[in-house]
Amino acid sequence: MRSVQRQQKIAFTILGLMTLLFVVVPILLTVLYIIVNGGKAVTWEFLTQQPRNGMKEGGILPAIVGTIILITGTMLFALPLGILSAVYLVEYAKDNFFTRLIKLSVVNLSGIPSIIYGLFGLTLFVGFCHFGCSILSGTLTLAIMSLPVVITATKEALESVPQAFREVSFSLGSTRWQTVRYCVLPYAIPGILTGTVLSLSRAAGETAPILFTVAAFYLPRLPRSVYDQVMALPYHLYVISTQVPNMPLKLSFATGFVLIAIVFLMNLTSVFLRIHYRKKKTW
Amino acid sequence: MHRKFSEFLIEGCIRLSGVLCIGFVVLIFLFLLKDALSLFGVYSPAKFLFGTQWLPVSKPAQFGIIPLVVGSLYVTVGAILICVPIGVGAAMFIGEVAPQSLKNILKSLVEILAAIPSVVLGFIGIVWLGPFLKTTFHLGTGMCGLTGSLLLAFMALPTIISISEDALAGVPRAYREAAFGLGATRWQTLWRILLPAASSGIIAGVMLGIGRVIGETMVVMMVTGNAPVIPSSILEPLRTLTATVASEMGEAVSGSEHYFALFAVGLILFIITFIINLIADMSLRKARK
């Protein structure tokens, strides 16, 4: 009996040590490495000025603005489409071959490598639709990439609304749309928001889909229309850490810091939304 | 009447959105296929699939994808060998061993890792991990397959951990109760009952992890040295399928042979990830039953 107990102790200790050494420590080191090195280099000028002297001096304002524009644009396209698709899957679709095909498509969309979305955006939006290398092409590409995450989050949120809500609504004579609009969606909004913010934070950090659809190598001004190119933080970090020789490392760290700060801020928002609404939940 | 019409309209939109999801997958496939077929009009598919030289700018240009496939294979296998044991072990610890408070902290940490943009990890690979590996193992260069494998393994951890943990948690209560009732310890239950019972879910997690690793672009482009030659070991510079598309598309002239070749590489990638996702989906479905 005692040997069995000892065996358990050894096994659990090994598992714990493994998690500590190979998961916890690397994650903390990575985050601290960027925060400590980048935090030192971020100044007010860095955040609010145009890059100068081939990006080796000045700030990254256009890249920050570009990333914010891309996030907003992505939300504008992905949110309505994703929510409507999820509503279809949860509230309207019957369990048949066609529905299974849609679900399989969503799974596959989420597994397609981001570089393929870049290629797709390049042929469809940049080439076929003649949008050129522009904000419009880039946000549409990012939106399609974010679609599966928005759909999955919305689906879960809709499914967590109790079935009884729908039954009561139907029994009072409401149509399907009225039921969805007044008895299901209002209660699913917190879950939808949480998932959406998370998917947008992922889109904010993506580089491959915007490589050929919107990202500008060096464009020290703010965009003028949706047909303009923009700089974006992730692409900027890629450029200055691989393509520009003799780049001051300080600026790369600072760019990484700003990118991580934006992504983490969005993640925190999502966590707070979740906690806030969970408290208000009354059923 | 007015209400009926608006309702008809909105329900139309809802149905259309559902159909669009299928539409996008089909469109992506067709657009890749169209441009890939343009290549096969002028370049033999056999030479493309089995050629051992990728020389897009030499004359005549060579578009053999074997070096790229081998590069992807090296990096992916390396990453999976590293991250599967760690990921499944961590999932066992987080899900079944750690007390509730520790469990919440660990889960948030894993979420933080999932949120870090890949380009930031690539940057860390360039400034720290690559040079570190170079000096520690006396390599010719730190920008090699191993650096890529390590970073990709790190990136795939959140996927594998969270799905494996869900799979372990999803094992019916009765299994644990029966095991405890027979006098098994928590470790024996975890190792001999829960792990086998959760195996389909864990396999699904591993497959999705592989999908992520094969499809990851920025990290491998930044740290694996970008050399499109068949590497003799994982300690040499190499280049993956994804990195080739990302690094060469910028300079390929639209409509040229090179441009179409990159779409053909994209098509191969699409097919590989499609199959992996299909397997993952099937094992997830099996796990739910």
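Reply: Helices (H or I, at least four residues) and strands (E, at least two) are DSSP runs, numbered from the N terminus. This is a predicted model, in which local features need pLDDT of at least 70 and side-chain atom pairs count only at pLDDT 80 or more, while totals for chains, interfaces and linings use all residues. Residues are numbered from 1 along each chain as its sequence is written, chains are lettered from A and ligands numbered from 1 in the order in which they are written, and side-chain values use heavy atoms, with hydrogens and water left out.

Me: Which element gives the most to the lining of the second largest pocket?

Reply: With seven residues, α1(A) gives the most to that lining. The lining has 19 residues in total, and A:Pro26, A:Thr30, B:Trp128, B:Leu129 and B:Phe154 lie nearest the centre of the pocket. Elements giving two or more residues are α1 of chain A and, from chain B, α3, α5 (118-137) and α6. The volume of the pocket is about 560 Å³.

Me: Why is A:Asn108 called buried?

Reply: Buried means under 20% relative accessible area, exposed over 50%, and partly exposed in between (1.4 Å probe, protein chains only). A:Asn108 has a relative accessibility of 4% and therefore counts as buried. This residue is found in helix α4 (residues 97-111) of chain A.

Me: What is A:Asn108 in contact with, leaving aside its neighbours within four places in sequence?

Reply: A:Asn108 is in contact with B:Phe274, B:Asn277 and B:Leu278, where contact means heavy atoms within 4.5 Å.

Me: Why is B:Val26 called partly exposed?

Reply: The relative accessible area of B:Val26 is 42%. B:Val26 is placed in helix α1 of chain B.

Me: What makes the nonpolar surface patch of about 590 Å²?

Reply: The patch is made by B:Val26, B:Phe29, B:Leu30, B:Ile271, B:Ile275, B:Ile279 and B:Met282. Two elements of chain B, α1 (2-42) and α12 (257-288), each give two or more residues. The largest share, four residues, comes from α12(B).

Me: How do you know that helix α11 (residues 241-248) of chain B is mostly covered?

Reply: Seven of the eight residues of this helix are buried. They are B:Leu241, B:Thr242, B:Ala243, B:Thr244, B:Val245, B:Ala246 and B:Glu248. These buried residues pack against α5 (114-128) of chain A, and against β1 (54-55), α3, α9, α10 (218-223) and α12 of chain B.

Definitions and conventions
Patches are made of residues with over 30% relative accessible area and no salt bridge: like charges are joined within 9 Å, nonpolar side chains (Val, Leu, Ile, Met, Phe, Trp, Tyr) within 5 Å. Accessible areas come from the Shrake-Rupley method with a 1.4 Å probe; for residues, only the protein chains shown count as cover. A salt bridge is a side-chain nitrogen of Lys or Arg within 4 Å of a carboxyl oxygen of Asp or Glu. On a 1 Å grid over the protein atoms alone, a cavity is a set of points where a 1.4 Å probe fits but cannot get out, and a pocket is an open set with protein on both sides within 12 Å along at least five of seven lines; lining residues have an atom within 4 Å of a point. Grid points are joined across faces, edges and corners, and a volume is the space filled by probe spheres set on the points.
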